[in-house]
Amino acid sequence: MFERFTKDARAVVMGAVEHAEGAGVGSVSAEHLLLALMDQEAGRASFVLAALGLAERGDAVREALGEARRRAGLSQADAEALAGLGIDVSEIVARVEEVYGVGAMSGDRKSGRGWSGRRSFGRDAKEILEKALRIAVARRDRHIGDEHILLALTVRPGVPGEVLADHGVTYESVVRVLYGGGGEVKAG
């Protein structure tokens with residue numbers, strides 16, 4: 001599958017690996033793919049993110065991802081659903097962090113030994129890459145570009161998709177910027 005990736009899509013995958021390494025975690029997640037997409041300065045996805053105003057709100061996106069990480073990866077929708085059952089996720093996080101320190105529930109606390117070897121891709125990241133392939137095939141594209149990774153992130157349930165939607169980046173808005181109303185490629 002990776003032979004069909006464009007140079008920009010490969011850069012996103014490599015950037016996601018770097019984000020996972022920087023966080024000291026053993027596997028690449030969908031969040032790392034989103035962070036790597038936001039780091040890109042060229043490519044179709046960066047054009048879309050800039051057109052939708054996400055480039056200026058990058059810090060807010062990173063903060064929202066960090067807050068979700070503090071909630072052990074629960075999306076805001078998950079936290080609200082639990083609140084409907086009388087479970088206050090914020091209170092649980094506060095109590096755990098009071099005892100074990102800030103970020104204790106994030107799952108990316110670094111241990112004393114470093115991670116050696118190659119990073120594996122978590123289930124969510126694999127699903128994003130598979131969905132990117134399906135989107136490219138459905139659009140009859142002969143390559144998998146960074147724009148397909150962005151589209152896949154917008155349709156998969158979870159924190160990255162929720163954060164993107166909260167900042168106005170939805171599947172429909174991405175398609176509108178990329179292809180306009182008629183299906184022709186607009187972004188270069």
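## A salt-bridge network

The side chains of R123 and E127 meet in a salt bridge, with 3.5 Å from N to O. This is a predicted model. R123 and E127 are four residues apart in helix α7, so about one helical turn separates them. How exposed is R123? R123 has 62% relative accessibility and counts as exposed. E127 is partly exposed, with a relative accessible area of 28%.

E127 has another partner. Its side chain also meets that of R156 in a salt bridge, at 2.8 Å from N to O. E127 lies in helix α7, while R156 lies in the loop between α8 and α9, so the pair ties together parts that are 29 residues apart in sequence. R156 is partly exposed, with a relative accessible area of 21%. Salt bridges with shared partners join R123, E127 and R156 into one network.

How many salt bridges does the structure hold? There are four. One of them pairs D39 with R62, and the closest N and O atoms are 2.9 Å apart. This pair links distant parts of the chain: D39 sits in helix α2 and R62 in helix α4 (residues 58-70), 23 residues apart. Side chains of opposite charge can pair when their charged atoms come close.

D39 is partly exposed at 37% relative accessibility. R62 is partly exposed too, at 33%.

## A covered helix

Helix α2 (residues 30-39) is mostly covered. Nine of its ten residues are buried. Among them are A30, E31, H32, L33 and L34. The buried set also includes L35, A36, L37 and M38.

S29 lies in the loop between β1 (27-28) and α2. Is S29 buried or exposed? It is buried, because its relative accessibility is 17% and the cut-off for buried is under 20%. Leaving out residues up to four places away in sequence, S29 touches D124 and A125.

## Two helices side by side

Two packed helices are described by the angle between their axes and the distance between the axes. Take α8 and helix α10 (residues 171-179): their axes come within 9 Å and cross at roughly 155°. That makes the two helices roughly antiparallel, because angles over 145 degrees count that way. On the α8 side, the contact is made by E147, H148, L150, L151, T154 and V155. On the α10 side, Y171, V174, V175, L178 and Y179 take part.

V169 lies in the loop between α9 (159-166) and α10. V169 is buried, with a relative accessible area of 0%. Which residues does V169 touch, not counting those up to four places away in sequence? They are L49, L52, L54, L150, T154, L164 and V174. V169 and L151 are 18 residues apart in sequence and 9.4 Å apart in space, C-alpha to C-alpha.

## At the surface

L85, I87 and I92 make a nonpolar surface patch of about 280 Å². I92 belongs to helix α6 (residues 89-100). I92 is partly exposed, with a relative accessible area of 38%.

R140 lies in the loop between α7 (123-138) and α8 (146-155). R140 counts as exposed, at 76% relative accessibility. Most residues other than glycine have a negative phi. R140 is not a glycine, yet it has a positive phi of about 60°.

Terms used. Residues are numbered from 1 along each chain as its sequence is written. This is a predicted model: local features need pLDDT of at least 70, side-chain atom pairs count only at pLDDT 80 or more; totals for chains, interfaces and linings use all residues. Side-chain values use heavy atoms; hydrogens and water are left out. Buried means under 20% relative accessible area, exposed over 50%, partly exposed in between (1.4 Å probe, protein chains only). Patches are made of residues with over 30% relative accessible area and no salt bridge: like charges are joined within 9 Å, nonpolar side chains (Val, Leu, Ile, Met, Phe, Trp, Tyr) within 5 Å. Accessible areas come from the Shrake-Rupley method with a 1.4 Å probe; for residues, only the protein chains shown count as cover. Contact means heavy atoms within 4.5 Å. Axes are lines fitted to C-alpha atoms, for helices over the stretch in contact, and angles run from 0 to 180 degrees between N-to-C directions. Angles under 35 degrees count as roughly parallel, over 145 as roughly antiparallel, 65 to 115 as roughly perpendicular and the rest as oblique.
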